[in-house]
Amino acid sequence: MTLHLLTSEWDLPEKPESFLDSDEIERMGRFVFEPDARRWSLFRAKAKRALAGHTGGRILPWLEGPGGKPRVDQPGLEFNLSHSETLAALVVSDAGPVGVDLEPLDRAPTLLECEDSFCHPAERAELPVDTGSRAIALLHLWTAKEALLKAVGTGLQFPPTELIVRDDAGIGGPERCDQFHLRRPVDPAEIAHCLAVAVPRLVETVTLA
């Protein structure tokens with residue numbers, strides 16, 4: 001299980017678009033704002049380059065799996081990608097499905113007063129009262145649920161309010177949710193982001209590339 005952290009700097013002479021297929025170029029053109037399109041294409045291209053290190057150097061086209069989860073046509077290889085404005089996390093697995101979510105720490109305060117939209121009542125009852133601690137706890141819950149639901153393959157099509165995150169695992173979530181547990185392989189202070197990776201229970205360690 002390997003984690004690639006990808007920055008928003010492009011260090012190759014080729015344009016990011018040279019790593020994208022025609023459908024991805026079309027999708028890039030549908031963004032309303034050009035900076036969003038450039039950011040999306042850059043992280044997509046860097047992720048495809050990093051994934052090539054696990055496919056014998058081949059840049060494989062990304063296909064759409066259940067729930068819109070990306071995949072490639074190589075048996076046994078699973079991956080997942082999440083990005084913010086400045087950083088992306090690509091997790092690559094040969095041990096089964098995986099999910100990842102990456103959120104900037106400064107998003108935490110924006111989750112205050114949003115508890116009802118993604119927290120189970122049991123989780124809301126356990127949230128800290130202090131505003132700062134509560135915001136960070138909410139960010140941890142949000143990233144955990146995103147990662148778990150992406151690993152299962154439902155994404156947010158499954159109501160996050162019905163999933164309880166406790167002891168690095170999901171309770172009451174969709175089928176197969178109990179086959180995964182959570183890992184947080186990077187100190188948030190080092191990357192100014194909160195990162196959660198959902199991996200099969202047999203996996204204990206996520207290694208930084």
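**Stop 1: Ser93 and its surroundings**

Select Ser93 and show what lies around it: leaving aside residues up to four places away in sequence, Ser93 touches Met1, Gly76, Leu77, Glu78 and Val98. Before going further, keep in mind that the model on your screen is predicted.

Colour the strands and you will find Ser93 in strand 5, which covers residues 87-93. Is Ser93 buried or exposed? With a relative accessibility of 1%, Ser93 counts as buried, because the cut-off for buried is under 20%.

Now display the side chain of Ser93 together with the backbone of the residues that follow. The side chain of Ser93 comes to 3.0 Å from the backbone nitrogen of Ala95. The Ser93 side chain also reaches the backbone oxygen of Gly96, at 2.7 Å.

**Stop 2: Asn80**

Next, select Asn80, a residue of strand 4 (residues 78-83). Asn80 has a relative accessible area of 2%, so Asn80 is buried.

**Stop 3: along helix 5**

Now show helix 5, residues 131-152, as a cartoon. Helix 5 has 22 residues, and from its first C-alpha to its last it reaches 32 Å, close to the 32 Å expected at 1.5 Å a residue.

Take a look at each end. Which residue caps the N-terminal end of helix 5? Select Asp130, the capping residue: one of its side-chain oxygens lies 3.3 Å from the backbone nitrogen of Gly132. Then jump to Gly153, which follows helix 5 and has a positive phi, near 110°.

Staying with helix 5, pick Lys145 and bring in Glu123 as well. Their side chains form a salt bridge, with N and O 2.6 Å apart. Glu123 belongs to helix 4 (residues 121-126) and Lys145 to helix 5, so this pair ties together parts that are 22 residues apart in sequence. Are these two partners buried or exposed? Glu123 is buried, with a relative accessible area of 4%, and Lys145 is buried too, at 2%.

**Stop 4**

For another, select Arg38 and Glu17, whose closest N and O atoms are 2.5 Å apart in a salt bridge. Arg38 sits in helix 2 (residues 34-52), while Glu17 sits in the loop between strand 1 (2-7) and helix 1 (22-29), so the pair ties together parts 21 residues apart in sequence. Arg38 is partly exposed, with a relative accessible area of 32%, and Glu17 also counts as partly exposed, at 22%.

**Stop 4: aromatic pairs**

For the last stop, show the aromatic rings. How many aromatic pairs does the structure hold? The structure holds four aromatic pairs. Begin with Trp10 and Phe19: their ring centres are 5.8 Å apart and their planes stand at 70°, so this is an edge-to-face pair. Trp10 counts as partly exposed at 22% relative accessibility, whereas Phe19 is buried, with a relative accessible area of 14%.

Now move to Phe118 and Trp142. Their ring centres are 5.1 Å apart with planes at 85°, so this pair is edge-to-face as well. Phe118 lies in helix 3 (residues 115-118) and Trp142 in helix 5, so the pair ties together parts that are 24 residues apart in sequence. Phe118 is buried, at 1% relative accessibility, and Trp142 is buried with a relative accessible area of 14%.

Arg49 lies over the face of Trp10, at 5.6 Å from the ring centre.

Conventions. Residues are numbered from 1 along each chain as its sequence is written. This is a predicted model: local features need pLDDT of at least 70, side-chain atom pairs count only at pLDDT 80 or more; totals for chains, interfaces and linings use all residues. Side-chain values use heavy atoms; hydrogens and water are left out. Rings of Phe, Tyr and Trp (its six-membered ring) pair if their centres lie within 6.5 Å; planes under 30 degrees apart count as stacked, over 60 as edge-to-face and the rest as tilted. Buried means under 20% relative accessible area, exposed over 50%, partly exposed in between (1.4 Å probe, protein chains only). Helices (H or I, at least four residues) and strands (E, at least two) are DSSP runs, numbered from the N terminus. A charge sits over a ring if NZ of Lys or CZ of Arg is within 6 Å of the ring centre and within 35 degrees of the ring normal. A salt bridge is a side-chain nitrogen of Lys or Arg within 4 Å of a carboxyl oxygen of Asp or Glu. The expected span of a helix is 1.5 Å times one less than its number of residues. A polar contact is a pair of N or O atoms within 3.5 Å; within protein, one must be able to donate a hydrogen and the other to accept it, and residues adjacent in sequence count only if both atoms are side-chain atoms. Contact means heavy atoms within 4.5 Å.
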